[in-house]
Amino acid sequence: MTNRTIVVGLAGAFVGMTALLLIGGIVLHPIALALAVPFGAVSYFLWYHASGRLHDQARRSAEQAGPTERERARQRARAEANRERAYRAAGDGGRSASGRRDGARGPGGRFGPGGPGASGAGDPRDRAPAADRMTEREAYETLGLDRTADGETVRRRYRERAKRLHPDGEDGDEEAFKRLNEAYEVLKE
């Protein structure tokens, strides 16, 4: 005996009970009609499961949701890897992310991929951050958060601390406020 046979048998039993309760509710007492409703609902869901439609519906919704979530996770991982590579390159004695010296000729020749007069060197996300700029790790420490904090948590913590450290407030500290703003700018990007 398979699981499907058992589910079909249970669905049949619940349909029979629903029918008896409906007849009893009409002939004997209306309270039996109220009892027939849950039995009818259970009958429907058991039939839906036994027919395979429940499984198909769950599979379709999983296929629709799955790839987008996976793709977002891949994008986050790629962005994190690019950020780490850029920070390592910034502290690498003037070398770019590809390992060449900053003045070396790349694929675009002497002036870079955009040619002479181009604004920037390609995609702005590919440039390493300034060496005097706060690192991501320092920014998280400044805000008192761990690296797994999401954007909403970062924003909330920044606002809390900004209210407390603002120079116009009672306990305002201008240097700490500037450092807090710099940390937020690093994490906001």
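The legends below describe close-up views of a predicted model.

**View 1. Helix H2, from residue 31 to residue 50.** Helix H2 contains 20 residues. The distance from its first C-alpha to its last is 30 Å, close to the 28 Å expected at 1.5 Å a residue. Buried residues of H2 are Ala-32, Ala-36, Ser-43, Leu-46, Tyr-48 and Ala-50. An α-helix has 3.6 residues a turn, so residues three or four places apart point the same way. After H2 comes Gly-52, which has a positive phi, near 90 degrees.

**View 2. Thr-18 in helix H1.** Helix H1 covers residues 3-27, and Thr-18 belongs to this helix. Thr-18 counts as buried because its relative accessibility is 13%, and buried means under 20%. When neighbours within four places in sequence are left aside, Thr-18 is in contact with Ala-36, Phe-39, Gly-40 and Ser-43.

**View 3. The largest nonpolar core.** This core consists of 16 residues, and Leu-143 and Val-154 have the most contacts inside it. At least two residues of the core come from each of helix H4 (136-143), helix H5 (151-165) and helix H6 (174-188). The greatest contribution is that of H6, with 6 residues.

**View 4. The surroundings of Val-154.** Residues up to four places away in sequence are not counted here. Val-154 touches Tyr-140, Leu-143, Leu-145, Ala-149, Tyr-184 and Leu-187. One of these, Leu-143, is named with Val-154 as having the most contacts inside the largest nonpolar core.

Note on methods: Residues numbered from 1 in each chain as written. Predicted model: local features only at pLDDT ≥ 70, side-chain atom pairs only at ≥ 80, totals over all residues. Heavy atoms only, no water. Helix = DSSP H or I, 4+ residues; strand = E, 2+ residues; numbered from the N terminus. Expected span 1.5 Å × (residues − 1). Buried < 20%, exposed > 50% of the residue type's maximum accessible area, 1.4 Å probe, protein only. Contact = heavy atoms within 4.5 Å. Core = buried A, V, L, I, M, F, W, Y, C linked by side-chain atoms within 4.5 Å.
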